[in-house]
Amino acid sequence: MKSPRAKSRTADLFAAAGIAAPVPAAVPLCARPLCARPLPAPPVAPGIARAPRLKPLWYAVVFPELAQIEHSLDELQKLCTHAQGFTPFVSIEMPDALLLEIKGSIRLFGSLEILKAAIDACWQRLGLKSCSATTPSTLAALWLARAGESMHGDDAGKLPGLLAKVPIACTAWDAERLQTLRALGLTRVGEMLRLPRGGLARRLGPEVVRDLDIAVGRQPGPRRPFMARERFRERCDFETEIEHVAYLEKALEPLIERCAQFLRHRQAGIQTLQLKLKHRELPATRVRLGLASITSERRRLSDVLTQKLMRLELKAPVRGMELISGSLRALSASSLDVFAGLTGGSSRDSAPQLVERLRARLGEEAVYGVCLIEEHRPEAAWGKVQALPLCAPSQKPTAAIEPQLPRPVWLLAQPLSIPAPQLLQGPERIESGWWDGKGVARDYYIARQAQGARLWVFQERHTGLWYLHGVFA
Amino acid sequence: MVKTWMPREVPSLADILADTRVWKLKDASAAPARPVWSTGRSSLDARLPGGGWPTASLIEVLLDESGLGEVQLFLPALVACQQRTGTEDCPWIVWIAPPHEPYAPALAQQGIELGRLLVVRPSSATEALWAAEQALSSGVCAAVLLWLKGTDNRWLRRLKLAAEAGGALGVLFRPGRHRFESSPASLRLLMTQGEPEAHLDLIKVQGGRPGPVDLGP
């Protein structure tokens, strides 16, 4: 949440929330700041006019009841959707609080008082006990709300004074730190603000000093806005139980059509899909699908689903089904092609589609690609690729290790012991791999079998035995 | 029972040729030329109609043992078909049920774009034929190589139709015992062991003449 990287993402986060990046107001903590560092200028690309800065205003609301609930995240996510009626920027503060950026909404509602009353009324309607506070700083609002101080204002100058009385238990620091603080005789945030920063940072870690800086408004406290996860989910119950897969396919068609429409309206695609078949007594059968690339095409979805269904053996008659999509992903430019469906014709399909269809029937592992590995040992110089470069052609292999002799098309999984063959070409000495326990010391030759086949053989240098390793087909 | 028809007088050659029931070999080879891929062997190219492997058709290679250079006959064609269309929509090559692992360094050495090579390992012959039909008719594959122990005529016909629909080159490797069965493949080759090069025999050539081919350099 507060990693060093968070700072660099600040501008992005605020941009995502549609508000200008906040200017950290340089408010002196005490009369003589012990090490007042100059704040870095916010990153602005050259040539872009600086937008009028809007200092954010944070409304924090704490639900004391949620602190006891085990799965408070689910509850908070539900509350987020309510809060998004007031502002687009809502952040979840585990375990029991929400932070709302409300500066942009004040004008819409008239004044801060009306807005605050409207949000508080929302929690009341939901039957939740809540405590709220509004300040220009994220952490100050949270701490004040936890302390039960109902303070609503946008004067950053008052923050140190207000925070003075807040007990340290209201900060979200871990128990160990709080114990250290109590051992030092500190119980209020105000007492900490009077202490030298260097000592605090040494005893409690730099995070504490940073949190204090954020609380008094010296530093921005970036937050990540909550985004509701959207996915397609629709069920369909049958009047009579279905026993044959062929009828299921028919019943699935409208669901797939609606799913494709849902995706088209959002200009999004999916990569995973789940079909749940409900039975009367047995637990539901789940059919999971993985697609080779992000798609929103109805034809591809139904194609893969049909292939999966064809191989499915129904345990019991089906009385209803539910189609659940994975999380929505942005479509790539090529899949947004308007004319793709028109020019392609019905018999042609794309490479990902072919791979999907093959994998749906034969299994994931049965369809793979091969790649080069920069390695001298022949058996280790290649690898299987499951994630194929399905959309873009791969880069040319970096042939750093150019073999001297031609390599055979077929490589035997295990070298076969053979009598000394009739040699045609060679040797090529390969001696490598002493470091990983699979060291080889071999002389490779191209040999001829008595019947005419060309073989790739090697002689083990230590034992002098001959092995067959490949066939020139 | 075959009915024999004895002419009262021997017709002239011109009369026979004018008969619509007579299929003229010369006309067939003069039919609109399909693109062909060179085999890399001039002696073999010369024997094939159009001067190379025909695209959008099924080729059957009959051989009993791997290692006779049978894949080598098709590698130049595979490289050529990947290079001709450019990098933007480089077509795919699918190898279905190969007898051993295709060795990536060897294929890269020959110039095959490995990012566009798909290896399929089906669990049964029926699955392999199904996969081949899908790949051939998909239109994204330039060539599909299929290794089988044996298959019936009906499936071969389906593969041929799929290859024609998808414009792909289908190559089927089968054991030599199938040489006496009829096959819809447009080209049938028999490879047998020989010294120093394997013997190649054209059993069936649509639009060409069957016969042994000397696989010279």
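**Figure 1. Helix α14(A) in the predicted model.** α14(A) has 12 residues, and its first and last C-alpha atoms are 16 Å apart, close to the 16 Å expected at 1.5 Å a residue. The coordinates come from a prediction. Of the 12 residues of α14(A), 10 are buried, so the helix is largely enclosed by the rest of the structure. The buried residues are A351(A), Q353(A), L354(A), V355(A), E356(A), R357(A), L358(A), R359(A), A360(A) and L362(A). Their cover includes β7 (285-295), α12 (298-310) and β10 of chain A, and also β4 (92-96), β6 (117-120) and α6 (125-138) of chain B. After α14(A) comes G363(A), with a positive phi near 105°.

**Figure 2. Contact of α14(A) with α6(B).** The axes of α14(A) and α6(B) come within 10 Å and cross at roughly 170°. Angles over 145 degrees count as roughly antiparallel, and α14(A) and α6(B) are therefore roughly antiparallel to each other. From α14(A), the residues L354(A), R357(A), L358(A) and L362(A) take part, and they meet E127(B), A131(B), Q134(B), A135(B) and S138(B) of α6(B). By class, the residues of this contact are five nonpolar, two polar and two charged. An α-helix has 3.6 residues a turn, so residues three or four places apart point the same way.

**Figure 3. The side of chain A that touches chain B.** Contacts link 42 residues of chain A with 44 residues of chain B. On the chain A side, at least two residues each are supplied by α14 (351-362), β10 (367-372), β12 (410-418), β15 (454-460) and β16 (466-472). β10(A) gives the largest share of this side, six residues. The side of chain A that touches chain B is made up of 29 nonpolar, eight polar and five charged residues.

**Figure 4. Strand pairing between the chains at β12(A).** β12(A) pairs with strand β5 (residues 101-102) of chain B. The two strands are antiparallel and share two bridges. W410(A) has P102(B) in β5(B) as its bridge partner. Within chain A, β12(A) also pairs with β16(A), in the antiparallel sense and over five bridges. In that pairing L411(A) stands opposite G470(A) of β16(A).

**Figure 5. The hairpin of β15(A) and β16(A).** β15(A) and β16(A) run antiparallel and are joined by six bridges. L455(A) has V471(A) in β16(A) as its bridge partner. The two strands form a hairpin with five residues between them, and G464(A) in the turn has a positive phi of about 75°. β16(A) is mostly covered, with five of its seven residues buried.

Figure 6. Chain B contains seven helices and 11 strands, and 43% of its 217 residues count as buried. Among contacts in chain B with a separation of 6 or more, 67% are between residues 24 or more positions apart. L48(B) lies in the loop between α3 (42-47) and β2 of chain B. L48(B) counts as buried because it has 20 C-beta neighbours inside 10 Å. Leaving aside neighbours within four places in sequence, L48(B) is in contact with W53(B), V205(B) and G208(B). L48(B) and L187(B) are 139 residues apart in sequence, and their C-alpha atoms are 9.0 Å apart in space.

Figure 7. Q267(A) is not a glycine, yet its phi is positive, near 50°. Q267(A) is placed in the loop between α11 (245-266) and β6 (268-279) of chain A. With 11 C-beta neighbours inside 10 Å, Q267(A) counts as exposed. A56(B), also not a glycine, has a positive phi of about 50°. A56(B) is found in the loop between β2 (53-54) and β3 (57-62) of chain B. Since it has 17 C-beta neighbours inside 10 Å, A56(B) counts as partly exposed.

Methods:
Residues are numbered from 1 along each chain as its sequence is written. Chains are lettered from A and ligands numbered from 1 in the order in which they are written. This is a predicted model: local features need pLDDT of at least 70, side-chain atom pairs count only at pLDDT 80 or more; totals for chains, interfaces and linings use all residues. Two residues are in contact if their C-beta atoms, placed from the backbone, lie within 7 Å. Helices (H or I, at least four residues) and strands (E, at least two) are DSSP runs, numbered from the N terminus. Ala, Val, Leu, Ile, Met, Phe, Trp, Tyr, Cys and Pro count as nonpolar, Asp, Glu, Lys and Arg as charged, and the others, Gly among them, as polar. Two strands pair if DSSP finds at least two bridges between them. The expected span of a helix is 1.5 Å times one less than its number of residues. Axes are lines fitted to C-alpha atoms, for helices over the stretch in contact, and angles run from 0 to 180 degrees between N-to-C directions. Angles under 35 degrees count as roughly parallel, over 145 as roughly antiparallel, 65 to 115 as roughly perpendicular and the rest as oblique.
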